[in-house]
Amino acid sequence: MAVPVQPTGDSADLPQSAPEATGPAVYPAHTPSEATGPSPYPPHTPAPGTTGQDSAEAVGRLAATVERLRAEVQAARAAVDGRALVELAKGIMVERLHCGPAQAARQLTELAAQADMSELELAADIINEAARDQVAQVAADFVQRTATSAASHDAPASVALRLRTAESAALAANDTQTVAESLLQHALAPLEAVAVAVWTAGRDGSLVLSGHAGFTREEAERWRYVPPGVATVARQALASRSTVRLESVAALPSIGQPECPQGGRVAICAGTGGRIHGVLEICWPHPLTPLPQAVERQLEALAELCAHTLENHPAPSPRSAHHDPAAAELVDLSDALHDAALVLTPHLDADGNLIDFRIHHTNVHFQDPAGRPRSTLNNTLLLESFPLSIGAGDLYHHMERVYATGEPLRVQRITLTTLVDQVPLQMVADISVSRLGNSLLVIWRIEDETARLASLLQHAQRLGRIGGFEEDLATGEITWNSTLYALHGRPLPQGPVALKDLAAHAHRDDANAIGRFLRTVLHHQRSATVAFRLQRADGVTRHIRIVAEPVLDSDGHLLRIRGAYQDISAQHWTEVALAATRDQLAQTAQEVAERNRLTLQLQHAIMPPTHGPLQVPGLQVAVRYRPAESEALVGGDWYDAVVLPSQQILLCVGDIAGHGIDAATGMVVLRNALRGLAMTGAGPAQLLSWLNNVAHHLTDQVTATAVCALYDPTTRTLRWARAGHLPPVLVRTDQASALPVTGGLLLGALPEVVYEEDEVQLQPGDTLLMYTDGLVERRDTAMHESLTQLLTNAQTPVDSLHQRLDHLLTYSKSDTDDDTCLIGIEVLTGPPE
């Protein structure tokens with residue numbers, strides 16, 4: 001399809017035709033997807049920068065990251081292929097319109113918008129119009145054949161775009177493998193093809209798989225070389241020099257037959273200038289129906305692209321693929337070895353620097369830890385197949401060193417790590433690396449499982465101080481291991497001790513226990529164990545546990561006794577020490593419980609949990625005390641509400657720092673002292689100042705917080721002061737608020753402290769609340785947030801003062817399990833007395 005190119009200035013001889021509306025494509029087409037089947041090559045997951053100290057988890061993440069970056073590189077390559085078409089179209093417009101690159105880019109964008117097509121589609125049309133080659137002819141034929149067809153689902157522009165994109169990728173590729181992947185992605189996947197193979201024809205009639213896409217790596221490796229005379233689909237096309245179309249591949253053997261046994265095939269000869277260089281073979285997953293002629297022309301154009309690639313990048317013959325003659329000698333040598341061996345050849349970059357090793361050959365004894373067949377590893381890069389060889393053990397570093405210096409290297413017990421389903425699998429092996437010519441021979445011997453387990457058992461017996469024995473009752477032969485001789489303190493020439501003589505080497509008090517043990521094993525023929533004190537010849541006494549079992553023949557007759565001795569001396573003395581510690585802890589716990597009980601009795605004696613009503617005219621007084629749930633947390637919270645001789649009412653709450661008997665006795669001292677000081681008639685500030693001197697001078701470093709208030713019933717005036725305590729809460733007309741904070745340091749911290757005093761005029765119906773921090777304190781909440789919650793609970797409507805105090809205790813948000821004291825006064829209605 002020709003797309004109009006209309007310059008804004010002088011016109012040129014670019015194709016000038018309006019976009020045409022086309023019907024559905026003759027052949028079903030699908031949007032190319034990024035994944036066209038399983039990747040034919042192993043994921044390239046080198047691990048540069050990995051050290052032996054990296055964790056297996058970090059290495060696994062590195063491998064996953066490399067795989068993701070590899071997919072992004074493939075996506076970037078596809079974008080570059082399309083970008084090359086756009087740049088080529090711009091160049092054509094620069095030449096035709098005699099304009100600059102920037103103007104050509106604007107023209108391309110504007111024309112694409114006018115034609116309602118993408119820039120890539122327009123670029124493909126411009127290139128077709130200028131080139132007039134086979135690809136352009138295919139696109140033109142497709143336009144003619146589908147212009148009147150009602151069965152077409154594919155736009156002509158998309159056909160041209162696919163072919164041009166595939167052509168661009170093929171010309172930019174440096175090997176046939178990349179060309180095959182590009183053909184499948186850009187041109188064949190939309191035609192429902194699932195795989196493609198590019199064969200190079202040898203002079204002897206053989207076929208070499210130069211490139212493939214969509215087949216598994218194992219399948220491609222099996223068909224890497226097809227000898228002369230083997231009848232395959234590609235061979236039939238090569239012999240007839242024509243296109244071969246098979247409805248099903250079941251008729252002839254070919255690559256991919258296990259995956260698509262009933263799939264259709266098309267094989268097209270790829271040649272230039274009358275010479276056939278190879279065959280392009282395309283695989284469909286379903287039986288092949290007759291292809292439209294337009295699709296046939298597309299496939300022929302793709303075969304021509306392959307021909308140019310095969311001509312410029314011929315595939316090496318498998319028999320001459322050894323760049324280093326020494327590699328063939330190492331292959332023969334590795335096959336004669338009884339250990340697993342690899343033959344590696346260097347993989348160099350463009351500057352000749354070593355960047356990896358290629359696995360040239362694996363011998364018959366080689367077994368991959370990941371369970372992959374040997375054929376899948378041959379001809380792959382070492383870091384692709386074993387990305388964790390740069391890690392624990394640093395196998396790759398050893399290979400680099402041998403390759404550089406030629407000096408053979410042998411490393412014992414090196415840790416080899418490989419990824420199996422992204423899970424690191426480790427094994428221990430002895431490695432030998434040698435160089436011949438430019439090739440390396442790597443021999444590894446995996447540590448024998450039986451020998452390794454025997455070694456582990458020996459170490460376990462040594463660490464557990466366990467010695468094994470076996471006694472043949474028929475011959476009297478006794479077998480001890482070296483650990484058992486060491487436990488008994490007997491030199492090897494003295495020989496072992498028989499079970500029947502065991503009591504002679506034990507403490508006399510353990511003779512009966514040993515006798516019962518021997519009767520159980522020898523006479524009752526049951527397994528048994530006993531602990532005894534072994535008295536060695538060198539005067540050392542060891543605590544030993546012996547376990548033994550009888551070995552019977554088929555008739556039930558006792559043949560042998562086998563078992564083990566274990567030195568449990570350390571365990572014995574540990575148990576003795578633990579028993580003493582348990583006794584001491586039990587005594588300490590009993591003392592603590594008694595101390596807590598006395599503390600609680602003292603607290604209840606001075607300040608019972610329930611308090612009788614205080615008879616005051618015009619005022620209702622209620623108090624609540626909630627002790628700590630745990631006796632170990634009994635503290636020094638205290639309260640007092642008493643009518644003074646002056647008829648004023650003393651109201652106070654306080655909190656002694658700490659818990660236990662010291663806090664309880666400190667509470668008694670301060671509470672009684674405040675009662676006595678209140679008889680002087682002094683105000684709250686003065687009372688707290690005197691009480692501070694008592695706490696500082698007359699107690700053993702007691703510190704406390706307190707609120708002290710004096711209420712005058714005749715004037716309904718409340719005077720109060722605080723010493724580091726939370727302020728009282730006033731509830732008036734169902735609105736709760738904290739009284740303004742006055743200054744005052746906690747009691748007992750410093751001598752001669754001056755406290756501020758405040759005064760509040762109460763009204764009938766007012767309720768005043770005084771409390772300790774056990775009512776509001778939370779471990780995970782700031783104090784001001786807890787106080788806000790208290791105010792919310794305090795203003796809940798209730799019927800009486802007692803209900804209000806009970807409500808506050810019930811819905812308290814405190815979680816510190818501390819003592820709580822709460823005093824409430826409610827001013828009754830009526831004139832003051």
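## A buried aromatic pair

W480 is buried, and Y485 is buried too; buried here stands for under 20% relative accessible area, with exposed over 50% and partly exposed in between, using a 1.4 Å probe and protein chains only. This is a predicted model, where local features need pLDDT of at least 70, side-chain atom pairs count only at pLDDT 80 or more, and totals for chains, interfaces and linings use all residues. Residues are numbered from 1 along each chain as its sequence is written, and side-chain values use heavy atoms, leaving out hydrogens and water.

The structure holds 5 aromatic pairs. In one of them, the ring centres of W480 and Y485 are 5.2 Å apart with planes at 65°, so this pair is edge-to-face. For reference, rings of Phe, Tyr and Trp (its six-membered ring) pair if their centres lie within 6.5 Å; planes under 30 degrees apart are stacked, over 60 edge-to-face, and the rest tilted. Ring pairs also join W480 and Y485 with F469 and Y565 in a cluster.

How many disulfides does a search of the whole structure find? The search returns 0, a disulfide being a pair of cysteine sulfur atoms within 2.5 Å. Take C821: the closest cysteine sulfur, in C652, is 9.9 Å from its own, too far for a bond.

C821 counts as buried because its relative accessibility is 0%. C99 is likewise counted as buried, at 11%.

Strands, like helices, are DSSP runs numbered from the N terminus (helices: H or I, at least four residues; strands: E, at least two). Two strands pair if DSSP finds at least two bridges between them.

On one hand, β21 pairs with β20 (residues 649-659) in the antiparallel sense over 8 bridges, and V707 is the bridge partner of V653. On the other, β21 pairs with β22 (residues 717-723), again antiparallel, over 6 bridges, with L710 opposite R719. The hairpin of β21 and β22 has 4 residues between the strands, and R716 takes a positive phi near 55° there.

## Where to be careful

The mean pLDDT of the protein is 77, and 74% of its residues reach 70 or more; pLDDT is the predictor's confidence in each residue, from 0 to 100. Over residues 1-52 the pLDDT is below 50, and this stretch has 143 contacts beyond near neighbours in sequence, a contact being heavy atoms within 4.5 Å. Residues 316-323 also stay under 50, with 5 contacts beyond four places in sequence.
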